[in-house]
Amino acid sequence: MSAAAESISKDAPPIAVSVNNVTKIYPGGVEALNDMTIQFPKGELTSLLGPSGCGKTTLLKIIAGLLEPTSGHVTVNGIPVTGPGKERAFVFQDFALMPWASVMRNAAFGLELQGVAKSERHAIAEKYIKAVGLDGCEKLYPHELSGGMRQRVGLARALAVNAEVLLMDEPFSAVDEQTRRKFQEDLLGVVADEGKTFIFVTHSIEEAVYVSQSIALLLPRPSRVSEIIKPDIRRDITPDAIRRDPVYLDIVERIWQGLRVYVE
Amino acid sequence: MASFLIHPWVLRLISVVIAFSFWEYLGRIPISPAFPTFLQTMSALWGMIADGSMAAVYPATFQPLLIGLVISSVLGIACGVFMGLNAKAEWFGAPVFIVLQSAPLAALIPLLTFAYGIGLTSKILTVSIMAMPVIVLNAYTAVRHTPTSMLEMGRSYLGSQRQVILKIIIPAASPVIYAGLRLGAAMGFIGAILAELLITPTGIGDLITYNQSIAEYDKMYAAIFSIMVFAVIFIEILERTEYMFFRPDKRVTQ
């Protein structure tokens, strides 16, 4: 594992988020993370991939400052995390939209909590609502949107606060398969345009290989980073061609071989 | 045609017509000489509205009712929200209100009269102890059940505790808080009538008792009917205010 970490640090991009020897034991004695060390390069999308129970969501919430590690620490741009911060934004698995608020208010809610004036925050939110492809839906309420569209609002809200690091907790797991594929393609565009650091939790191998610059493969019992994979797939071909690309399929297969022992 | 028949307003009308027809039928059997028909009751009601006797008594009933409901709503929601947010307050408050909710409150009225006399205070207290437990317990449960991810969202986007309470917890809890308010209002109406029947006969309670004592049963039922109509209207208005102030999203589907 330390070899994997080193190979990242030798690579050019500086480190945005650094997780150092983090252990998390939940009240009641369940050990979710055990001495986890991992680094996330700036401006890239890194997936945390692994079977359920490997602590990937726990790790993400510790990075977000929503959970406190039992020991160890996390730094973002070299500054230790003590709680949620302005430089991090979270995208929730169940969207966490407010059903009583319009798309506009939901997307601008991070800014509203920061005390940004209404006209200003609406202008910013409008830009990101457009960027995630929800043009014209500003006045709708979440229950009028499909699951995929709701998560786009969640993404717009995270982008609107202009955080450097976006933390995404299985953002597409509650979205149907067709919508998910479209969303993954759009996410690649957002990653390229925004130049932000994305940490992306998923349990879908295909999804991780498709969207990530690097994949941290987490394994349970004890939870650890078993490998960092950099799926070197071609990005200059169409999404459908990528999904048929032998390199893509080989990586998916390799990861599956590594994980299957934990599923069986 | 079929879609017309299942329209909510048509269904409501049908159910009302069925209930009143059944009432008319039972009155005509008659099941008891003390049970007037629906039409007799309505004509008595019309007579009492026309001669002003209805309008004359209502202020006396509404005064303790409205004061009691305002007190129990404000205090009840405040207590409930506080109990939902604070574990110590929950330990202290929840048992009191759970006991109050299941206690036979009519039996406590003589005690209230003994302590506070036969005036307005006792009647306001009767309304309040009837209405408050359900308001408190609903508000408390609602706050307790704010979705975890919504709270995490508030924290991760750096909401202060005040912002999280006002902008997330209370709106999220509002449907259940309002359900409690509606139940509480219904209990409050019962409390107001109970107070007038058991403490001193004033207002609509006086109209009920008096007409019963002189065997004018149609007028007695008309008085009971009128208070039920007021209760329904009041509760309906309450529901509208929820959509207006807290849940604009629900107006969309209405």
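Here is a chat about the domains, a helix, the chain contact and a sheet.

User: What should I know about the model and the numbering before we start?

Analyst: It's a predicted model, where local features need pLDDT of at least 70, side-chain atom pairs count only at pLDDT 80 or more, and totals for chains, interfaces and linings use all residues. Residues are numbered from 1 along each chain as its sequence is written, while chains are lettered from A and ligands numbered from 1 in the order in which they are written.

User: OK, how is chain A divided?

Analyst: Into domain 1 (2-87 + 163-263) and domain 2 (98-162) of chain A, with bounds from an automatic or database domain assignment. Their centres, taken over C-alpha atoms, are 25 Å apart.

User: How many residues are in contact between domain 1 and domain 2 of chain A?

Analyst: Eleven residues of domain 1 are in contact with nine of domain 2; contact means C-beta atoms, placed from the backbone, within 7 Å. On the domain 1 side, helix H7 (residues 177-194) of chain A gives the most, with four residues. Helices here are DSSP runs of H or I with at least four residues, strands are E runs of at least two, and both are numbered from the N terminus.

User: Switching topic: is helix H2 of chain A mostly covered or mostly open?

Analyst: Mostly covered: eight of the nine residues in H2(A) (56-64) are buried, among them Lys56(A), Lys61(A) and Ile62(A). Buried means 20 or more other C-beta atoms within 10 Å of the residue's own, with C-beta atoms placed from the backbone.

User: And what comes just after H2(A)?

Analyst: Gly65(A), which takes a positive phi of about 85°.

User: What about chain B, how many of its residues are in contact with chain A?

Analyst: 17 residues of chain B, against 19 of chain A. On the chain B side, helices H8 (148-156), H9 (161-198) and H12 (248-253) of chain B each give two or more residues, and H8(B) gives the most, with six.

User: Last one: what order do the strands of the six-stranded sheet in chain A take?

Analyst: S6-S7-S8-S3-S9-S10 of chain A, an open sheet with mixed pairing. Strands S6 (88-91) and S10 (224-229) of chain A are the edges, each pairing on one side only. Two strands pair if DSSP finds at least two bridges between them.

User: How do S9 and S10 of chain A pair?

Analyst: Antiparallel, over five bridges, with S9(A) covering residues 214-219. Ile215(A) stands opposite Ile229(A) in S10(A).

Methods: Two residues are in contact if their C-beta atoms, placed from the backbone, lie within 7 Å. A residue is buried if 20 or more other C-beta atoms lie within 10 Å of its own, exposed if 12 or fewer, and partly exposed in between; C-beta atoms are placed from the backbone.
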